[in-house]
Amino acid sequence: MAAFDVLLKSSPGGDRLPAAHLKKGLALLELNRTADAVIQLQHVVTAYPHTEEARMARERLQALGLKER
């Protein structure tokens, strides 16, 4: 988690941000922090809607029985 947070803060306009947000969301799911993970995954969908990471985040949200906001 800390590594993702450092990356997200150190390069606010970087091209690796969608992947970092997605991976942080998936890591939160692994830690059973579902509410935090959902927020993170929804952020990926809304902030980077046309990326592969957004598609993957949508799939994971659907697997959780949720719709994107």
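The legends below describe close-up views of a predicted model. Local features need pLDDT of at least 70 and side-chain atom pairs count only at pLDDT 80 or more, while totals for chains, interfaces and linings use all residues. Residues are numbered from 1 along each chain as its sequence is written, and side-chain values use heavy atoms, with hydrogens and water left out.

**View 1. Overall chain.** The chain has 4 helices and 0 strands, in the order α-α-α-α from the N terminus. Helices (H or I, at least four residues) and strands (E, at least two) are DSSP runs, numbered from the N terminus. Of the 69 residues, 32% are buried; buried means under 20% relative accessible area, exposed over 50%, and partly exposed in between (1.4 Å probe, protein chains only). The chain exposes about 4,500 Å², of which carbon and sulfur atoms supply 55% (Shrake-Rupley method, 1.4 Å probe; for residues, only the protein chains shown count as cover).

View 2. Helix 2 covers residues 17–30, and its 14 residues reach 20 Å from first C-alpha to last, close to the 20 Å expected at 1.5 Å a residue. The expected span is 1.5 Å times one less than the number of residues. Buried residues of helix 2 include L17, P18, H21 and K24. N32, which follows helix 2, has a positive phi near 60°.

View 3. The largest nonpolar core has 11 residues: L22, L28, L29, A37, V38, L41, V44, V45, A54, A57 and L61. Such a core is a set of buried Ala, Val, Leu, Ile, Met, Phe, Trp, Tyr and Cys residues joined through side-chain atoms within 4.5 Å. Helix 2, helix 3 (34–47) and helix 4 (52–63) each supply at least two residues of this core, and helix 3 gives the most, with 5 residues. The buried residues of helix 3 pack against helix 2 and helix 4. V38 touches L61, L64 and L66, not counting residues up to four places away in sequence; contact means heavy atoms within 4.5 Å.

**View 4. Salt bridges.** A salt bridge is a side-chain nitrogen of Lys or Arg within 4 Å of a carboxyl oxygen of Asp or Glu, and the count comes to 3. R33 pairs with D36 at 3.0 Å, N to O. R55 is partly exposed, at 35% relative accessibility.
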